[in-house]
Amino acid sequence: MTELQDGRGDNDVLDVAIIGAGPAGLTAGLYAARSGLSCAMFERLTPGGQLATTEHLENYPGFIQSTSGFELTMIMHEQATAFGARTIGEEVMAVDLAAVPKRITTAFGAYEAKAVIVATGSRPAKLELPMEPELEGRGVSYCATCDGNFYRGKDVVVVGGGDTAAADAIYLARICRKVYLVHRRDALRATAIYHQRLQELENLEFVWDSEVVNYLAEDGKVGGVRVRGVKDGAERDIAASGVFIAIGMRPNTEFLEGQLPLDEVGYVMADERGATEVAGVFAAGDVRTKVLRQAVTAVSDGAVCADEIAEFLS
Amino acid sequence: MSEVISSADFQSKVLDADKPVLVDFFATWCGPCRMLAPVLDEVAGEVAGRAYVYKVDIDQSPDLAGKYGVSSVPTLIAFENGQIKKQTLGAQPKQNLLAMLG
């Protein structure tokens, strides 16, 4: 957002460029600014990342009643900028991390920085089935709280077995006639607290040990899915107007190809301090290799990376 | 803030407009819509004079949502001379919005 760039000369070299302003990037900005570093957070949309689209946040310490992820990230952003972190509302398209200083190219300009924190997060994985691109927005959705209302009173399918799939199924069961939860295993990966809530839903049917192998389309819209048993190979067609995909995430790291070591899925390889193999380049939040991807671990990563950079630049 | 228009205004403000129009079909309860809103407002400011940017609240104007087959929010549709020129789903960065308006 341009109004936040006031007073900045285009030739200034930033101490730290933070790519992505979700909880990891916003916390890195807060800590970097408080350490006296000049820093800018580059963000393609409004700050907040995935956390901002979380309707009810129940596991962020300090909030006993579920809070809105959007409100929380707005406060995080206000806090970081109050201490002097700048927000640049431009999407980063390419980086040159070997250059001195490091070079960041956005859709609208070029910037230089002594150090970089990659905090670009991740996005929902797709099933990668035929017809999927055409059916997105015509029955295929990656956001139950966004699109659930369009399927009020109808039958829908949720695909996945983690926390997102469980939360989506619970949400959709309140507004849809019937919810099928299709999972390729015979038990959910979701956190225990979701299991009982799911069991109590009368309009939920578990479809265990099954994978979606095809979309069934009617008049250019989703009419259902074909699932196949992973153990017996048996196929079954499920009629549904909506299919909600919650099969995990993919990191937003395409712009880093050839610049940073990535793992086989595309996550940025980083050590406990957030350091990558490239000097002065760190990674924080969901985009990095780690065990638990949550808002609370993202903010922790952001703090650690900013602290490491303060030391790196001293 | 980009103006929220209703079904009654749609013909005159969008379909009969003398310049390209970008319409954001949104809902007040949709997270990605809220992420998009400030970006949309920024674009509206930049294209003022050569294009129009409006928002349609799908709960206030279900007839428009139905007419344009909106079943995911946010959906962005660019109109020119009353015809759909481009259409995208989900929150988009600024350069994509500008590209939709040519």
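A: In chain A, strand β4 (residues 92-96) is joined to β5(A) by four bridges, and the two strands run antiparallel. Strands here are DSSP runs of E with at least two residues, helices are runs of H or I with at least four residues, and both are numbered from the N terminus. Two strands pair if DSSP finds at least two bridges between them. This is a predicted model, in which local features need pLDDT of at least 70 and side-chain atom pairs count only at pLDDT 80 or more, while totals for chains, interfaces and linings use all residues. Residues are numbered from 1 along each chain as its sequence is written, chains are lettered from A and ligands numbered from 1 in the order in which they are written, and side-chain values use heavy atoms, with hydrogens and water left out.

Five residues lie between β4(A) and β5(A), which form a hairpin. One bridge in this pairing links A94(A) with T105(A) of β5(A). T105(A) also stands opposite A110(A) of β6(A). Strand β6 of chain A covers residues 110-118 and pairs with β5(A) over four bridges, in the antiparallel sense. β5(A) and β6(A) form a hairpin too, with three residues between them.

The side chains of β5(A), residues 102-106, alternate between two faces. K102(A), I104(A) and T106(A) point to one face and are buried, that is, under 20% relative accessible area, where exposed means over 50% and partly exposed lies in between (1.4 Å probe, protein chains only).

Next come the cysteines. A disulfide is a covalent bond between the sulfur atoms of two cysteines. Here the term is applied to a pair of cysteine sulfur atoms within 2.5 Å, and the structure holds two over all chains. In chain A, C143(A) and C146(A) form one, with sulfur atoms 2.2 Å apart. Their link is right-handed, with 65° about the S-S bond. Both ends are buried: C143(A) has a relative accessible area of 19%, and C146(A) has 1%.

In chain B, the sulfur atoms of C30(B) and C33(B) are 2.3 Å apart and form a disulfide. This link is right-handed as well, with 90° about the S-S bond. C30(B) is buried at 0% relative accessibility, and C33(B) is buried with a relative accessible area of 4%.

C39(A) counts as buried at 1% relative accessibility. The sulfur of C176(A) is likewise too far for a bond, since the closest cysteine sulfur, in C143(A), lies 13 Å away. C176(A) counts as buried at 6%.

Chain B as a whole has four helices and five strands. From the N terminus on, these elements run β-α-β-α-β-α-β-β-α. The C-alpha atoms of the chain fill a box of roughly 30 × 25 × 20 Å along the principal axes. Of its 102 residues, 55% count as buried. Among the contacts in chain B (heavy atoms within 4.5 Å) with a separation of 6 or more, 68% come from residues 24 or more positions apart.
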